[in-house]
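Please have the sequence and the 3D view open while reading.

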Amino acid sequence: MPHSAPLEEHHFEALGARCGLFAVGLSKDRLVEGELWTVRLGARLTRFSRDSELSRFNASAGTWVEVSGDLEALLRESLHAFETSGGLVNVAVLPSMIGIGYTKPLSSGRLAATVTEMRPPPALPAVLEVKRRAARLEPGAGIDLGGIAKGWMADRLCDALGPNALANLGGDLSAGGPGPAGDGWPVGLAGVTVLLREQGAATSSVRRRRWGDGQHHLIDPRTGRPAKTGLEEVSVVAATGVEAEVVAKTALLIGPELAPVFCAARAMAWWLSH
C-alpha cells in the first residue's frame, strides 16, 4: 500500500472512554463498522448491565454455562495473564470492586466512598474453569475483565482494519503496518512520542477513575484494596495491546524497585511515574 494513500480517522465514546480508529487507505465506513463492533461487544462484556453476557456468567456461578467465542477467548486470556503476572493481574476482583463502591460507571454520577471489610480475591485458576464454548465460576466468585478486554479488543480491531491501522480504546492501543508516513504510528506516551509498528501499548494508572478519599479502580489482589505501591502510572510498549496491558498493570503493582527489572524482561519500552 503506498504511503500516499489517505489517512482516515474516526473518534467515538465506548467502554467508558474516548476511543479512536485510524487507517491508511480505508473508508470512513469501515471505521464506523469498527465502532459498532466495539460498542456491541463492550455491551456484552460490561459488568454494569445485568443483562450483559458477563453479568449473566457471573450470576451463574456454581454451574457450567455456554459462553460465546469472544468471552471464552477473554477468559482464557485472563488465565494466561494471571499466570504471566504471578497472580497480580487477577480478573476475579469483582467483589473487591463492589466493596469499594465501584458499582456503576463514573460517568453515571458520584460513587459511594464506603469500604466494606476487604479480603484478597481467590486465585483465578481456583475459581474459573474454561472449555470449548463453556465456562464455570465457583460460587461467590465474580469477574471484571477491565483492561484485559480493552487490550484484547484493540488487537482484534487492528487486525480487522487491515495492514496499516491503529486502534486506540481508551489508552489501550494496537498498531499494525508502517503508519501514515511509513515510519510507524506516532503515539504519545508519558509525555513523549513513540512510533509503533506491529506493536501494542497501554498505560496503567491510579491517577484516573478516582472518587471519595483516595479510592481508585486498580485493585491489588494481595490485599483486595486499591493499590498503594509507590508507583502511580506505568506506560508500556509490547508486542500486542493485551500484552502491554498486562505488563503495565503488573509493573505498577510490584512497585518501583522491581518494576524496571520486570519491564526490561517483557516490554520493548516503558515509563514509570511515582
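## Helix α1 against helix α6

The axes of helix α1 (residues 28-45) and helix α6 (residues 146-160) cross at roughly 150° and come within 11 Å. Axes are lines fitted to C-alpha atoms, for helices over the stretch in contact, with angles from 0 to 180 degrees between N-to-C directions. The crossing angle makes α1 roughly antiparallel to α6 (angles over 145 degrees count as such). The crossing is right-handed, that is, the near helix is turned clockwise from the far one by less than a right angle.

On the α1 side the contact (heavy atoms within 4.5 Å) is made by R30, G34, W37, T38, L41, G42 and L45. On the α6 side A149, W152, M153, R156, L157 and A160 take part. Eight of the contact residues are nonpolar, three polar and two charged; Ala, Val, Leu, Ile, Met, Phe, Trp, Tyr, Cys and Pro count as nonpolar, Asp, Glu, Lys and Arg as charged, and the others, Gly among them, as polar.

## Basis of the model

The model is predicted; local features need pLDDT of at least 70, side-chain atom pairs count only at pLDDT 80 or more, and totals for chains, interfaces and linings use all residues. Residues are numbered from 1 along each chain as its sequence is written, and side-chain values use heavy atoms, with hydrogens and water left out. Helices (H or I, at least four residues) and strands (E, at least two) are DSSP runs, numbered from the N terminus.

## The three-stranded sheet

Three strands form an open sheet in the order β3-β5-β4, with antiparallel pairing (two strands pair if DSSP finds at least two bridges between them). Strands β3 (64-66) and β4 (128-131) are at the edges with a single partner strand each, so one side of each has no neighbour in the sheet. Direction ignored, neighbouring strands are turned by 25° against each other on average.

Three bridges join β3 to β5 (residues 134-137), and E66 stands opposite A134 in β5. Helix α3 (residues 69-84) packs on this sheet, touching β4 and β5, and its direction makes about 130° with that of β4.

## The seven-stranded sheet

A second open sheet, also antiparallel in its pairing, has the order β1-β2-β6-β7-β10-β15-β16. Its edge strands, β1 (7-14) and β16 (269-273), each pair on one side only. Here neighbouring strands are turned by 10° on average, direction ignored.

Six bridges join β10 (residues 199-205) to β15 (residues 233-238), where A201 stands opposite V237. Helix α7 (residues 241-254) lies across β7 (172-176), β10 and β15, at about 30° to β10. Helix α8 (residues 259-266) touches β15 and β16, its direction making about 160° with that of β16.

Methods. Parallel < 35°, antiparallel > 145°, perpendicular 65-115°, else oblique.
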